[in-house]
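This report covers selected secondary-structure elements of a predicted model. The sequence and structure come first, then the notes.

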Amino acid sequence: MNILFVYYYPSGGVETLARQRSHALKMYDIKFHFLYYKQGPGIQNIQSNSTFITNKDSEIQEIINNGHYEVIIVCSDHSFLPRVRNMNFKGKLIYEVQGLGSFLEAEEWLRRAQPYVEENADAILLPKTPHLIELTEKYYPLIKKYSFHNCIDINMFSYKKTNREEIYPVIGWVGRIEENKNWKGFLEIGYELVKINPLIKLWMFIDSSLTSANQENQFKNTINEYKLNNNLHIHDNVPHQKMPEYYSKIRDSGGFLCSTSKVEGFGYAIVEAMSCRCPVLTTDSDGIKSFVIHNYTGKIYPHDNIKAATEEAKILLFDNALRQKISLHAQRYIYTYFTPRKYAKSFIKMLRELGVYAK
């Protein structure tokens, strides 16, 4: 069985999900092909030869004709739904809701998508994220909806023993330099922690190709304002398969991963870190509710409360017993609820209910 997944470009959590899902379902003889409209940095992570880069109707038509797809999953881009129906695609069309930004941005997006989705989609697929569940119920009450946890390759994302190269704590951050990921919040927390220990290192894993000129200027000015140049190291566009090594180094340094997002649909970086036993400190960004339990699998602080974030960070830095306990609980939680096998079971159940998987 062949399924085509469609998205704007290979980058971030959506590209990660696409690969993780493909891996999870391969053992059930379900093959994923990927269509991206344009090149993106995540292309370096894709080892499949079934990846297409085009936004031309004639080429997309040829891909669909040759692929014999029973299902096409379109992520976020509602305008593509009528395009593919006009190409005489008769299979099941699933609209996937992922990575839509803040609550207001997600609501506006799903409101505008309503006529496209209602007229063309057979079902909606989304993670177990409260605000996305609420919004899809509001705008699409009559369409079939399937909501289950995303998955992670726990064989790849596991703790890798390091040589303790980092003798000072490392605070990590993963994201785009844009408003919703709230990079400024991370620099503010970093500034407060550097005042406590001037040798703390701040590692930011970013994709500079997605940074606007305006955000880049603000970012550089804030770094200079807080005098963080000596503490900060930018890791730009790191291959995804190398991230377990970095999460393990952060863990062994005595540091943690910090997520400052305003809203997350899921939060793959947090799940990846937890799977590698790297402690996490995060805002209450909605999507994280599926896996971060305060003081059990991680630590949560209120939005924009830098003082509270700093206090929680200090506990992670100095209370080694709690830190170890949280790390082990976190890994166990991910290994229990976010496995490829669990994901495949839910996904196949969806396909059966849609009448396209007979095994």
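Strand 8 (residues 170-174) is mostly covered, with four of its five residues buried (under 20% relative accessible area, 1.4 Å probe, protein chains only). Helices (H or I, at least four residues) and strands (E, at least two) are DSSP runs, numbered from the N terminus.

Strand 8 runs parallel to strand 9 (residues 201-206), and five bridges join them; pairing requires at least two DSSP bridges. Val 170 stands opposite Lys 201 in strand 9.

## Basis of the values

The model is predicted: local features need pLDDT of at least 70, side-chain atom pairs count only at pLDDT 80 or more, and totals for chains, interfaces and linings use all residues. Residues are numbered from 1 along each chain as its sequence is written, and side-chain values use heavy atoms, leaving out hydrogens and water.

## Helix 11

Helix 11 (residues 320-337) has 18 residues and spans 26 Å from first to last C-alpha, close to the 26 Å expected at 1.5 Å a residue (1.5 Å times one less than the number of residues). Its buried residues include Leu 322, Ile 326, Ala 330 and Ile 334, and also Arg 323 and His 329. Among the elements covering the buried residues of helix 11 are helix 8 (243-252) and helix 10 (306-318), with contact meaning heavy atoms within 4.5 Å.

## Helix 1 against helix 12

Helix 1 (residues 12-26) packs on helix 12 (residues 340-353) at about 85°, with the axes 9 Å apart. The two helices are therefore roughly perpendicular (65 to 115 degrees). Residues of helix 1 in this contact include Leu 17 and Arg 21, and those of helix 12 include Tyr 343 and Phe 347.

Notes:
Buried means under 20% relative accessible area, exposed over 50%, partly exposed in between (1.4 Å probe, protein chains only). Axes are lines fitted to C-alpha atoms, for helices over the stretch in contact, and angles run from 0 to 180 degrees between N-to-C directions. Angles under 35 degrees count as roughly parallel, over 145 as roughly antiparallel, 65 to 115 as roughly perpendicular and the rest as oblique.
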